[in-house]
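Subject: Handover of a protein structure

Dear colleague,

Please find below the sequence and the structure that I am passing to you. My notes on what was found follow directly after them.

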Amino acid sequence: MSKYINLHTHTSSKNLNTIEVLNQYPNEFNEAVRFYSIGIHPWYIDLNRLDKDLEIINQKLENNNALAVGECGLDKRISTPVELQKKVFEQQILLAEKHQKPLIIHCVSAFQELIAIKKKLSITVPIIIHGFSKNEILANQLIREGFYLSFGKYLIKNPELKNVFKQLPLNQVFLETDTIEETIEDVYTLAASYKEIEVETVKIQLLKNFKLVFPNYNEDLDD
C-alpha cells in the first residue's frame, strides 16, 4: 500500500506510513524535525530580525531535509502593510528559486495579487496553496495558472467544499492536517468519499504529485 502524504502540518504524528512536511519558523528552528518547510509567515514578519530570518532560511534550504519554502505569502486581513508583506514574500520566492524548492503558500484575500506576483517574477518552482477554502471559480482559475491546492481543515469543517474538491483534477491536489486534531487518514478518507473512489487511489495519485513536486526527496516513497 502507498504512503500518505501530509503536505503541511505543525505537529508530527510519528506515523511511519506517512510522509509529513512539518512547518518550521527560522527563529524557532527545531533541528530534530526530519522533513520540513521553512519560511516567514506574513503574521510573523519582524523587521528587527528580518535579515537574520532570511539568512537562516537560506542556510536551512541547503539541507536535503528542507523540502519547501513556507508557509509564506500574503494576508490582507492583518494589520501588516500589504506592500511590506509583498517585499518579504518576494525575498522568499527568490530563495525558493535559488534552491529550487517549492513554495507552500498562506493566502487570505490576496489571490489576484498572488497570481500577479507569479507572473511578474516568472516563478518556475511549484507553488502549493495550503488550506484552500474558496469557491469553484477561484479554484479553477488557480489550477489554470498552474498552482497546486492543498485541502485539510476546511475540507473537514466546511461541507460546502465538497463540490469544489470533487470537480478538481486530482493531479493538482494535496492533502494536509495543518493544526486540526483529525489525522491525515481522516482527511484522505473524506477526500476519497467526495471523489467516489478508493482511498488507495487517492494515495497513489498524491504520491505521484509528491514525486513530481519534490524530486529532491531522497527516501523510499513506497512500502
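**Helix α3 and its surroundings**

In α3, the residues F111, L114, I115, I117 and K118 are buried; here buried means under 20% relative accessible area, exposed means over 50%, and partly exposed is in between, with a 1.4 Å probe and protein chains only. Seen down the axis of α3, these buried residues fall within an arc of 160 degrees, so they line one face of the helix. The arc is that of the directions from the helix axis to the C-beta atoms. K119 and K120, on the other side of α3, are exposed. Helices (H or I, at least four residues) and strands (E, at least two) are DSSP runs, numbered from the N terminus. The cover over the buried residues of α3 includes β4, α2, β5 (103–108), β6 and α4, where a contact means heavy atoms within 4.5 Å.

Please note that this is a predicted model, in which local features need pLDDT of at least 70 and side-chain atom pairs count only at pLDDT 80 or more, while totals for chains, interfaces and linings use all residues. Residues are numbered from 1 along each chain as its sequence is written, and side-chain values use heavy atoms, with hydrogens and water left out.

**The protein as a whole**

The protein has eight helices and eight strands. Its radius of gyration is 16 Å, close to the 17 Å that the globule rule gives for 223 residues, so the protein is as compact as a globular protein of that length. That radius is taken over C-alpha atoms, and the globule rule is 2.2 Å times the number of residues to the power 0.38. Along the principal axes, the C-alpha atoms fill a box of roughly 50 × 40 × 30 Å.

Of the 223 residues, 54% count as buried. Among contacts with a separation of 6 or more, 65% are accounted for by residues 24 or more positions apart. The protein exposes about 10,500 Å², of which carbon and sulfur atoms supply 48%; accessible areas come from the Shrake-Rupley method with a 1.4 Å probe, and for residues only the protein chains shown count as cover.

There are 25 positive and 30 negative charges, and their mean positions are 4 Å apart. Lys and Arg count as positive and Asp and Glu as negative, whereas His and the chain ends are not counted. The place of a charge is taken as NZ of Lys, CZ of Arg, CG of Asp or CD of Glu.

Helix α4 spans residues 136–144, and L138, A139, L142 and I143 are buried in it. They cover an arc of only 135 degrees around the axis, which puts them on the same side of α4. I137 and R144 are exposed on the other side. The buried residues of α4 pack against α3 (111–121), β6 (127–129), β7 (148–151) and α6 (161–166).

In helix α1 (residues 50–60), the buried residues are L50, D53, L54, I56, I57, N58 and K60. They pack against β3 (36–38), β4 (66–75) and α2 (82–99).

**Backbone features**

Most residues other than glycine have a negative phi, and most peptide bonds are trans. The peptide bond from G70 to E71 is cis, with omega near 5 degrees, and E71 lies in strand β4. Just after α3, S122 takes a positive phi of about 50 degrees; this residue lies in the loop between α3 and β6. E196 also has a positive phi, near 60 degrees, and lies in the loop between α7 (184–195) and α8 (199–213). At 62% relative accessibility, E196 counts as exposed.

**Individual positions**

K195 is in helix α7 and, at 18% relative accessibility, counts as buried. Leaving aside neighbours within four places in sequence, K195 is in contact with F165, K166, Q167, L168 and L170. K195 and F165 are 30 residues apart in sequence and 7.8 Å apart in space, C-alpha to C-alpha.

N17 is placed in the loop between β1 (4–9) and β2 (18–24) and is partly exposed, with a relative accessible area of 23%. The C-alpha atoms of N17 and Y4, 13 residues apart along the chain, are separated by 6.3 Å.

P159 is found in the loop between α5 (153–157) and α6, and is exposed, with a relative accessible area of 59%.

Yours sincerely
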